[in-house]
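Subject: Structure handover

Hello,

Here is the structure you asked for.

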Amino acid sequence: MRIHCKVVVIAVCFGVFLLLYFLGGNAADDPLLQEVVEEEEEAAKKDGNTSRSPPEPGRDVAAKFAKKSVARAEAEPVGGRKEGRAINGGAAGVNAKSKRRGNVARPVTKRKRAEEVMHLAVVACGNRVDETLAMVKSALLFSLKRITFHIFAEDPLAPQFEEKLKQWPRSVSAKFQHRIYPITFSVGNADEWKKLFKPCAAQRLFLPVILKDVDSLLYVDTDVLFLRPMDDIWSLLKSFNGTQLAAMAPEHEVPKIGWYSRFARHPFYGVTGVNSGVMLMNLTRIRSTMFKNSMIPSGLSWQDILHPLYQKYKNHITWGDQDLLNIIFHYNPECLFIFPCQWNYRPDHCMYGSNCKGAEEEGVSILHGNRGVYHDDKQPAFKVVYDAIRDFPFEDNMFQSLFYPIQTKFLDTVNTLCGRIPQVFLKQIEKTMRKVFEDKVVRRVRPHK
């Protein structure tokens, strides 16, 4: 009996010993515990103090083990850790390293999108420097994106532009770049092109040929003023369909009193023709398109069509380059996008009675003071807006130094043909100024959530 009891006791002790052995071995193999032990050993080596007393196994190791477990759990993805089976010893080592690297948090760097830049072209000859600078100023006052101005000017005007643009505040200069080009015509007789309609006006026909590195462009005459951000008309490029490559406004809204419908001796676009004082262009499409015409059935590229077209119709055109554009789009109507009259509002829209419904509803977006109305008293409503923008100091308050002067001086024009509907001129510019004020002031002082 005693022998049997001894055997049982020995067997139980042996079993407990084996159980403790296996449990201890598995714990030692645990990667988390191994990392803790390794760290302890490394720390002891760095200290170089052999007399240091060993840590209590139930306190220090357990605490570090718990910290490691939490860190590892946080680093693992929500769906759990994916275990890979090693094919051989080398693969197992690589697998273990890749797992450790995968659990390390890496800083995420966001790539900034390239800032979109709008391109605006203008042609200035003669005494048009101040008028051109007023146009540039109006574009900068309200626009959001950066603008690159392509200024084509006669040689004596180039240093004048450089000098005056350098005098503008740094806060304004940071919003734009400018390039100044000489007046050049790539085909035909340069003197003949230069005298077509107004000095240098035909230069706009050659923009797709000269600005080969520019994809899209807004061309405006020097007598244009922006009363809302240029960004808004620039966004119309996204409205082009697959065949459209340029956008203009109709020359007139009423065919019975339109110039082309009554007097033109050449083909023109649509019922009333188009006005080229504000012209939005996809230059890439223009350069790659073959244009139908009445001369060559196979079509001609933009560069090749200009001179023969002029030679054929030069005795029948009155408005020069605008007439040539009307002829081109008469034969290629699918290439033209028509935007409403408030984007090219001229005296013709009010001097014979108000005939631009879009401007009555939304206000003028772009003011086009052709017929020289900025510099005489024939249409004082146009002159009031031009004078206010020209004289406005960049860093002054817009409402106090720009909008209120326009509003006050408009009272003197209410008895004129165009001044009797002041909301047409004031609605959009007031709306634009309020938005600029909110963006610059209200959002800056509003506390961040």
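What percentage of the 449 residues in the protein is buried? The answer is 43%. Please keep in mind that this is a predicted model.

**Overall picture**

The secondary structure consists of 18 helices and 9 strands. The accessible surface is about 25600 Å². Carbon and sulfur atoms account for 55% of that surface.

**Disulfides**

A disulfide is a covalent bond between two cysteine sulfur atoms. The protein has 3 of them. Counting bonded cysteines along the chain, the pattern is 1-2, 3-5, 4-6.

Start with C125 and C200. Their sulfurs are 1.8 Å apart. The link is left-handed, with -100 degrees about the S-S bond. The two cysteines come from distant parts of the chain, 75 residues apart. C125 sits in the loop between β1 (117–124) and α5 (129–142). C200 sits in the loop between α8 (190–194) and α9 (207–210). C125 has a relative accessibility of 7%, so it counts as buried. C200 is buried too, at 0%.

Next, C341 and C356. The S to S distance here is 2.0 Å. This link is right-handed, with 100 degrees about the S-S bond. Both cysteines lie in the loop between β8 (336–338) and α15 (357–362), 15 residues apart. C341 is buried, with a relative accessible area of 5%. C356 is buried as well, at 1%.

Then C350 and C418. Their sulfurs lie 1.9 Å apart. The link is right-handed, with 85 degrees about the S-S bond. C350 is in the loop between β8 and α15, and C418 is in the loop between α17 (398–410) and α18 (422–445), so the bond ties together parts 68 residues apart in sequence. Both cysteines are buried.

One more cysteine to look at is C335. Its relative accessibility is 5%, so C335 counts as buried.

**Salt bridges**

Side chains of opposite charge can pair when their charged atoms come close. A search of the whole structure gives 16 salt bridges. Here are some to look up.

D231 pairs with K145, with the closest N and O atoms 3.6 Å apart. D231 is in helix α10 (residues 230–234), while K145 is in the loop between α5 and β2 (146–153), so this pair ties together parts 86 residues apart in sequence. K145 is partly exposed, with a relative accessible area of 28%.

R228 pairs with D232. The closest N and O atoms are 2.9 Å apart. R228 is buried, with a relative accessible area of 15%. D232 is partly exposed, at 27%.

R390 and D387 meet at 3.5 Å, N to O. Both lie in helix α16 (residues 380–391). They are 3 residues apart, about one turn of the helix. R390 is partly exposed, at 39% relative accessibility. D387 is at 16%; the cut-off for buried is under 20%, so D387 counts as buried. The pair also belongs to a network of salt bridges that links K383, D387, R390 and D391.

**A threonine in a loop**

Where is T289? It is in the loop between α12 (283–288) and α13 (302–313). T289 has 19% relative accessibility, so it counts as buried. Its side chain reaches the backbone oxygen of R285 at 2.6 Å. Leaving aside neighbours within four places in sequence, T289 is in contact with L245, L300, S301 and W302.

**Where to look first**

Begin with the disulfide of C350 and C418. Then turn to the salt bridge of D231 and K145. After that, find the network with K383, D387, R390 and D391. Finish at T289, in its loop between α12 and α13.

Best wishes

Note on methods. Residues numbered from 1 in each chain as written. Predicted model: local features only at pLDDT ≥ 70, side-chain atom pairs only at ≥ 80, totals over all residues. Heavy atoms only, no water. Helix = DSSP H or I, 4+ residues; strand = E, 2+ residues; numbered from the N terminus. Buried < 20%, exposed > 50% of the residue type's maximum accessible area, 1.4 Å probe, protein only. Areas by Shrake-Rupley, 256 points an atom, 1.4 Å probe, with all protein chains shown as cover. Disulfide = S-S within 2.5 Å. Polar contact = N/O pair within 3.5 Å; in protein donor to acceptor, adjacent residues only side chain to side chain. Contact = heavy atoms within 4.5 Å. Salt bridge = Lys/Arg side-chain N within 4 Å of Asp/Glu carboxyl O.
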